[in-house]
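Subject: Model handover

Hi,

My notes follow below it.

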Amino acid sequence: TIERAGAVATLWLDRPEKLNALHRALWHAIPAAVAELDADATVRAIILAGRGKAFCAGIDLLDHAPSMAGGGSLSGRGESAVGKRRAFYDDARGYQQTVSAFANTNKPVIAAVHGACLGAGMDLITACDIRLASADATFSVRETKIAMVADVGTLQRLPRLIGDGLMRELAYTGRRMDAAEAHRLGLVNQVYADREGMLAGVMDIARIIA
């Protein structure tokens with residue numbers, strides 16, 4: 001969902017019933033939404049936020065499971081074993097482009113994080129210019145917990161924010177990091193007492209930028 005307030009646009013991850021887990025439709029909808037805002041000359045700053053109890057619980061495994069069963073692709077394409085792996089490669093590249101939409105837009109992007117920010121959520125926020133969080137935010141490079149690789153951006157972008165060694169620790173262990181630690185390490189710029197205060201603070205900064 002996109003909301004506009006003057007020169008500031010908020011792009012909401014709007015699947016609160018699923019903790020904004022990224023199903024296939026959302027993976028494809030995000031770059032289109034960013035492109036729309038990128039082309040809108042009246043928009044001068046973008047906020048990325050999540051509806052409901054969490055920013056983003058990562059990839060929607062239930063949505064992807066049927067197509068990936070038996071070594072399939074994310075999209076379900078591919079007939080042979082080789083074809084499925086080729087399709088998986090293409091799908092992963094497409095997901096990388098979804099995340100990179102936030103890095104490639106010519107508008108500054110501020111991530112507003114509350115609650116869980118796991119897996120693909122980390123991919124999204126590391127592609128943004130600025131990250132702000134509420135005190136209840138938790139962060140995790142979660143893929144190792146489910147025998148996956150964080151292959152759509154986190155492993156490339158997170159070292160620039162917190163350093164290579166700390167990135168490796170988070171990637172290898174999959175442990176959760178609270179907002180205070182994320183702030184101390186430089187992942188987030190500022191921590192607010194609650195979600196409401198954080199969203200107000202994000203809007204203030206976005207308006208200054210705009």
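Contact here means heavy atoms within 4.5 Å. Helices are DSSP runs (H or I, at least four residues), numbered from the N terminus.

This is a predicted model, so to speak of local features needs pLDDT of at least 70, side-chain atom pairs count only at pLDDT 80 or more, and totals for chains, interfaces and linings use all residues. Residues are numbered from 1 along each chain as its sequence is written, and side-chain values use heavy atoms, without hydrogens and water.

**H5 and H6**

In H5, Leu155, Leu158, Pro159 and Ile162 meet Asp164, Leu166, Met167, Leu170 and Ala171 of H6. By class, that contact has eight nonpolar, no polar and one charged residues. Nonpolar covers Ala, Val, Leu, Ile, Met, Phe, Trp, Tyr, Cys and Pro; charged covers Asp, Glu, Lys and Arg; the others, Gly among them, are polar.

H5 spans residues 154-162 and H6 residues 164-173. They pack at about 130 degrees, with axes 7 Å apart. That makes H5 oblique to H6. Oblique is what remains after under 35 degrees (roughly parallel), over 145 (roughly antiparallel) and 65 to 115 (roughly perpendicular). Axes are lines fitted to C-alpha atoms over the stretch in contact, and angles run from 0 to 180 degrees between N-to-C directions. The crossing of H5 and H6 is right-handed: the near helix is turned clockwise from the far one by less than a right angle, while anticlockwise is left-handed.

**H1 and H3**

The axes of H1 (residues 24-39) and H3 come within 9 Å and cross at roughly 40 degrees. This crossing is left-handed. H1 brings Arg24, Trp27, Ile30, Pro31 and Val34; H3 brings Tyr95, Thr98, Val99, Ala101 and Phe102. The classes are eight nonpolar, one polar and one charged.

**Largest pocket**

Its volume is about 400 Å³. A pocket is an open set of points on a 1 Å grid over the protein atoms alone, where a 1.4 Å probe fits, with protein on both sides within 12 Å along at least five of seven lines; lining residues have an atom within 4 Å of a point. Volume is the space filled by probe spheres set on the points, which are joined across faces, edges and corners. H3 (81-104) gives the most to the lining, with three residues.

Best regards

Key:
Helices (H or I, at least four residues) and strands (E, at least two) are DSSP runs, numbered from the N terminus.
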